[in-house]
Every structure is written in structure tokens, then in C-alpha cells.
Amino acid sequence: MLKHKGFPGRLPGTDFQFTIRRENKKGITPIVARERFADRRPADRRADAGFLAALWEHFGDAPFERGNLDAGRLSWLFGREVVAAEDPFDPASYEALLRIDAARARASFPDVFDGGDSA
């Protein structure tokens, strides 16, 4: 499992996890598209925005390997702002390639991109 050096482990000041420390001994947690409802808690929305900002800062619009990125956190963005970068895509692989759909991400999280595109 690739460990993304320099990627934040969690949203600062919270327990919202962005990365995992080690492989899951019971099997890899698959990435699934989770529905985001309008009534989500503000803290959850901040975690989504913070995770997307970290992804954008670290990878930009280039494809990236899932590696030690948290499947649960990826699942909140998967199928919308984060999409598969390979076909066929294996959602239960640490080597799976993903990429940010920049247009969709800008539409969903404009505050993340207001500071400029430093990718």
C-alpha cells in the first residue's frame, strides 16, 4: 500500500480521518459512492471540503493511486468530485487509480478553488 507522504492524516482540530496507517487485515474496504444529502452537518461538509482541498493541493488534476487514503472519506466524494481514472476500476484495491473531476469539484466546492489553482 502506497503511503502518500505529506498528505494530512486528518482535518486539523477534528477527528475526521483522511488517511489510514496500515492495511486492513480483514480485507480492503471498497470505495462506494455515498449519497450526500442537503441536511448534512456543517462539520461533515467542512471535512469533505478539507479532504478535497488536500487532494487538490497534493495531486491536482493528475491521476493518483488510492494508497493509504481513507475509503470512507473518499466514498463521500466518489462518483462526483473524485472519479475512477482507469477502466476497469477495482474499488477494493489500494492500487486503484483515481482523479479529481476539476469542473465538478469547482461547482460543488467553489471555496476550495477560490485561492487559485496551485496544482
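Visitor: What makes Arg36, Arg80 and Glu81 a network?

Guide: Arg36, Arg80 and Glu81 are linked by salt bridges. A salt bridge is a side-chain nitrogen of Lys or Arg within 4 Å of a carboxyl oxygen of Asp or Glu. Side chains of opposite charge can pair when their charged atoms come close. Keep in mind that this is a predicted model, where local features need pLDDT of at least 70, side-chain atom pairs count only at pLDDT 80 or more, and totals for chains, interfaces and linings use all residues. Residues are numbered from 1 along each chain as its sequence is written, and side-chain values use heavy atoms, with hydrogens and water left out.

Visitor: Why is the contact of Glu81 and Arg80 called a salt bridge?

Guide: The N to O distance between their side chains is 4.0 Å. The rule asks for within 4 Å, so the pair counts.

Visitor: How do you know whether Glu81 is buried or exposed?

Guide: Buried means under 20% relative accessible area, exposed over 50%, partly exposed in between (1.4 Å probe, protein chains only). Glu81 has 0%, so Glu81 counts as buried. Arg80 has 14%, so Arg80 is buried too.

Visitor: How many salt bridges does the structure hold?

Guide: Six. Among them is Arg41 with Asp44, the closest N and O atoms being 3.2 Å apart. Asp44 counts as buried because its relative accessibility is 15%. Another joins the side chains of Asp15 and Arg10, at 3.9 Å from N to O.

Visitor: Why is the pair of Phe7 and Phe51 called edge-to-face?

Guide: Rings of Phe, Tyr and Trp (its six-membered ring) pair if their centres lie within 6.5 Å; planes under 30 degrees apart count as stacked, over 60 as edge-to-face and the rest as tilted. By this rule there are six aromatic pairs. The ring centres of Phe7 and Phe51 are 6.0 Å apart and their planes stand at 75 degrees, so the pair is edge-to-face. The pair links distant parts of the chain: Phe7 is in the segment before H1, Phe51 is in helix H1, and 44 residues separate them. Helices (H or I, at least four residues) are DSSP runs, numbered from the N terminus.

Visitor: What makes Phe7 and Phe51 buried?

Guide: Phe7 has 8% relative accessibility, so Phe7 counts as buried. Phe51 has 0%, so Phe51 is buried as well.

Visitor: What kind of aromatic pair do Phe7 and Phe59 form?

Guide: A stacked one, with 6.2 Å centre to centre and 25 degrees between the planes. Phe59 lies in helix H1, 52 residues from Phe7. At 17% relative accessibility, Phe59 counts as buried.

Visitor: Which residues form the aromatic cluster?

Guide: Phe7, Phe18, Phe51, Phe59 and Phe64 form one cluster.

Visitor: Where is Ile31, and how do you know whether Ile31 is buried or exposed?

Guide: Ile31 lies in the segment before H1. Its relative accessible area is 3%, so Ile31 is buried.

Terms used. Helices (H or I, at least four residues) and strands (E, at least two) are DSSP runs, numbered from the N terminus.
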